Amino acid sequence: MPVPRPRSVFWIVSTHVVTILFLMFALLFVSSIAVLILKSLEIVSTVIGLCAPMISLILTTNYSLGNIRRVATIDNPMACFMPSMLAFCGLFLSLVAAMLFMDLREHTLNLPEAACFFAYSVALCIAFGLLTRRGLRKMQADVKPGFPVLLSNREAR
């Protein structure tokens, strides 16, 4: 098991956001294969299509925060919240906007569908913020005044 090392806010934010985006899109790729296989069962594929992004976001956010907690130390974990929100929402919503622009331009999606999809993407960003804030508050609770936090579960025992 790696020994926790002091890390900067930039390292924690970039690791957190990149891990989530990479793993989230990998899980969504797997779920899209399931949707293609179950295309004949339209209600099942719709449920998978609606639930998979939120489930993958929850899983990847918890995994990322657990991994950071295991390998990093930081004096003020809550300082990572706003940069994480800005980075994730900026990257995620720009990818969604680019995808919607291409779909609207090719007329494969109408405007109300695009608006609903964008609203769901904003809801995913809000969920990311809530999950990240909760995880960072757990890390903040481990901080003792004057000492850097050891984010390892083994150290907490």
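Phe 25 is partly exposed, at a relative accessible area of 36%; the classes are buried under 20%, exposed over 50% and partly exposed in between, with a 1.4 Å probe and protein chains only. The model is predicted, so local features need pLDDT of at least 70 and side-chain atom pairs count only at pLDDT 80 or more, while totals for chains, interfaces and linings use all residues. Residues are numbered from 1 along each chain as its sequence is written, and side-chain values use heavy atoms, with hydrogens and water left out.

The whole structure holds 3 aromatic pairs. Rings of Phe, Tyr and Trp (its six-membered ring) pair if their centres lie within 6.5 Å; planes under 30 degrees apart count as stacked, over 60 as edge-to-face and the rest as tilted. Phe 25 and Phe 92 are a tilted pair, because their planes stand at 35°, with ring centres 6.4 Å apart. This pair joins distant parts of the chain, 67 residues apart: Phe 25 belongs to helix 1 (residues 9-37) and Phe 92 to helix 3 (residues 81-105). Helices here are DSSP runs (H or I, at least four residues), numbered from the N terminus.

Phe 92 is buried, with a relative accessible area of 4%. Its ring and that of Phe 88 have centres 5.4 Å apart and planes at 10°, so this pair is stacked. Both residues are in helix 3, 4 residues apart, or about one turn of the helix. Phe 88 is also buried, at 0% relative accessibility. One aromatic cluster is formed by Phe 25, Phe 88, Phe 92 and Phe 128.

# A charge over a ring

The charged end of Arg 7 sits over the ring of Trp 11, 4.2 Å from the ring centre. The criterion is NZ of Lys or CZ of Arg within 6 Å of the ring centre and within 35 degrees of the ring normal.

# The largest pocket

The largest pocket contains about 730 Å³ of space. On a 1 Å grid over the protein atoms alone, a pocket is an open set of points where a 1.4 Å probe fits, with protein on both sides within 12 Å along at least five of seven lines; lining residues have an atom within 4 Å of a point. Among the 24 lining residues, Leu 28, Gly 49, Leu 50, Pro 53 and Phe 117 are closest to the pocket centre.

Helix 2 (42-71) and helix 4 (111-141), like helix 1 and helix 3, each supply at least two lining residues. Helix 2 gives the largest share, 8 residues.

Note on methods:
Points joined across faces, edges and corners; volume = space filled by probe spheres on them.
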